[in-house]
Amino acid sequence: MEIFGIPTQALFGQLLIGLINGSFYALLSLGLAVIFGLLNIINFTHGAQYMMGAFCAYFLLTKLGIGYWWALAVTPLAVGIIGMVIERLMLARLYKLDHLYGLLLTFGLALIIQGLFRNEYGTSGIPYALPQELAGGHNLGFMFLPNYRAWVILASIVVCLATWFMIEKTRLGAYLRAATENPQLVQAFGINVPRMITLTYGFGVALAAFAGVMAAPIYQVNPLMGADLIIVVFAVVVIGGMGSIMGSIVTGFALGLIEGLTKVFYPEASNTVIFIIMAIVLMIKPAGLFGTQR
Amino acid sequence: MFSNRSIFAAAPLAVAASLAQAQISDGVVKIGVLSDMSSLYSDIGGGGSVVAARMAIADFPTKGMKVELLSADHLNKPDVGSSIARQWYDVDKVDVIVDVPTSSVALAINQVTREKGKAFLVSGAASSDLTGKACSPNTIHWTYDTWMLANGTGNAIVKTGGDSWYFITADYAFGLALERDTEAVVLKNGGKVLGKVRHPLNAQDFSSFLLQAQASKAKIIGLANAGGDTTNAIKQAAEFGIVKGGQNLAGLLVFLSDIHGLGLDKAQGLIFTETFYWDLNDQTRGFARRFAAANSGKYPTMVQAGVYSAITHYLKAVTALKGDDGTKVIAKMKELPTDDPLFGKGTVRIDGRALHPAYLVEVKKPSESKGPYDYYKIRATIPADQAFRPLSEGGCPLVK
């Protein structure tokens, strides 16, 4: 059986691949959405923080002999703390100003961080081995699915849903959302709003670092790995609606799928298709698919 | 090229200086290394090319001739590259531009250099069009080209049974030229091409393309791309069990830095063609050690070695000519035989193609390697007269 001249089997394979790439988009855009939704900061350092996650995993393995699974836990913590320091020292001074200032600061930081890593490690990338437990794969009939990629989808869905649940359904999430709406009032109830904001930024950054560790065994650990991805991820966030948690998750996976299909039907357009969709969405629904006008 | 300013500037010096310097524009030979300094090709050329250029100038007996070195980043964008080239030629009085990886940028600079009557020594770019339909009396293509890669690697693979191919191609001038030249070699040797897919430059994820290649059941998956694209494709092919499934990868353009980045366990057994390897003889080893010491321990790729070798020959021609007029120096470079410690003896052809031997190499197993950068076994040496496209087949208008 064929659909538009492509065997259905091949199509299933491509859809699954799309879902895997979508997992990365979802994880990264989720972090951005959390930071923008709760801090109103457009965090352009996100790509660099994703890259730092991958490098942190690499350092843990080569310098301290700490393997993948521990890296998955330690890295988000370590990079998240670096993120919190950046928030306290620099970002906190910009909250009263226009979004644009935060964007410029984080963009500059991203360039500096990437430049430093590039200077030290070049651009050919460094290998990071697959964890033994997830080596190999299964033949699904229509494609060979490496175990690691299956794990990426699973882990990403779990992390995304847990984050959504925490922000939308728990008391802590309610405080956070309230602090975004009216910080003075929430502070008046005895909640330390600045600390909460710092922790939230750290959490968003930790999500990026987590995605970086997930990516390390698939892609080369490369100083530029976040630079290209971040633009796509921003498009995902814009399409989903700036700051919408569920929006960024759903759009992340959906755009992975659409990009996957483009790679089959017209591969030359595979790196532009997301931006075409972004342009169309912005024309029809400027607040994004899941966003609400503020 | 004389400007009034340069005559006046040179006049007081002329008393002390030799006649040679009086004919050198501005009294200085200005060499500009234009490369990818910040993105996926910067380990192939980049800062290492600047190191190689500096070494070439230091090693050359300039006998009082002043040589200056500039460098810039073209960001792999043809428009950025040509505007830097114009600025260099018009304002900074640069005499020769060297390196320029990324074929689309090199083709643009090829054009600018010809308009301005300067000199262009290509080491980093690959498209064989630079000595084919786009050939110029102001350009020499030094290190390698797509025809040579296709011929070396393609021939060897088809002859050992790899007769059905699927191409994963970088979608710009270089990838398309490499695919075209390799396809011609495959078809000529009785093989067939089952399909191809084009990916954007600097694509991170290759799984979709690899899956399509897997479905084609071709024996050989030809990677007509370079740098980070090639390493990512090779790494992900291992993950999807492509080689275990009986298909083989052909890296059509692979550099030493790529193998270093991949690690031998992923790269072992790959076969490809290079024109320089540091461990060929005492001279190349000596050069590589000095180079590594100046380049934070990284050994030279063939592109960086090509920068050294091309500048050496350029300075030789400038000295012989006692002048640095671009068109004349290039003509002189074609006249003089080439001879340097890295590429050995060779010639430069009328279409601008530098001829030297090429090496078919195989990546060692981790157990065979003595340490970092001990990566290749030389499987065959392709003599200079067979390594490159015959003069008559390129379609270069300079060939009558």
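Predicted model: local features only at pLDDT ≥ 70, side-chain atom pairs only at ≥ 80, totals over all residues.
A residue counts as buried here if 20 or more other C-beta atoms lie within 10 Å of its own.

Helix H9 of chain B, residues 227-239, is mostly covered, with 12 of its 13 residues buried. The buried set runs through Gly227(B), Gly228(B), Asp229(B), Thr230(B), Thr231(B), Asn232(B), Ala233(B), Ile234(B), Lys235(B), Gln236(B), Ala237(B) and Glu239(B). As for its length, 13 residues at 1.5 Å a residue should span 18 Å, and the end C-alpha atoms of H9(B) are 19 Å apart, which agrees. After H9(B) comes Gly241(B), with a positive phi near 65°.

Asn40(A) sits in the loop between H1 and helix H2 (46-64) of chain A. Leu75(B) belongs to the loop between strand S2 (66-73) and helix H4 (78-90) of chain B. With 16 other C-beta atoms within 10 Å, Leu75(B) is partly exposed.

Next comes Cys396(B), found in the segment after helix H15 (384-387) of chain B. Cys396(B) has 23 other C-beta atoms within 10 Å, and therefore it is buried. Which residues does Cys396(B) touch, leaving aside its neighbours within four places in sequence? The contacts are Thr131(B), Gly132(B), Cys135(B) and Asp351(B). Gln204(B), 192 residues away along the chain, has its C-alpha atom 36 Å from that of Cys396(B).

Over in chain A, helices H1 and H9 meet. Their axes come within 9 Å and cross at roughly 70°. Angles of 65 to 115 degrees count as roughly perpendicular, so that is how H1(A) and H9(A) are described. The crossing of H1(A) past H9(A) is right-handed. On the H1(A) side, the contact is made by Tyr25(A), Leu28(A), Ser29(A), Leu32(A) and Ala33(A). On the H9(A) side, Leu229(A), Val232(A), Val233(A), Val236(A), Val237(A) and Gly240(A) take part. An α-helix has 3.6 residues a turn, so residues three or four places apart point the same way. By class, the contact between H1(A) and H9(A) has 9 nonpolar residues, 2 polar ones and no charged ones.

Finally, the two chains touch each other: 30 residues of chain A are in contact with 33 residues of chain B. On the chain A side, the elements giving two or more residues are helix H1 (8-39), strand S4 (144-146), helix H9 (225-240) and helix H10 (245-265). H1(A) gives the most, with 5 residues. Sorted by class, this side of chain A has 13 nonpolar, 13 polar and 4 charged residues.

Conventions
Residues numbered from 1 in each chain as written. Chains lettered and ligands numbered in written order. Contact = placed C-beta atoms within 7 Å. Helix = DSSP H or I, 4+ residues; strand = E, 2+ residues; numbered from the N terminus. Nonpolar A, V, L, I, M, F, W, Y, C, P; charged D, E, K, R; others polar. Axes fitted to C-alpha atoms, helices over the stretch in contact; angles between N-to-C directions. Parallel < 35°, antiparallel > 145°, perpendicular 65-115°, else oblique. Left-handed = near helix turned anticlockwise from the far one by under 90°. Expected span 1.5 Å × (residues − 1).
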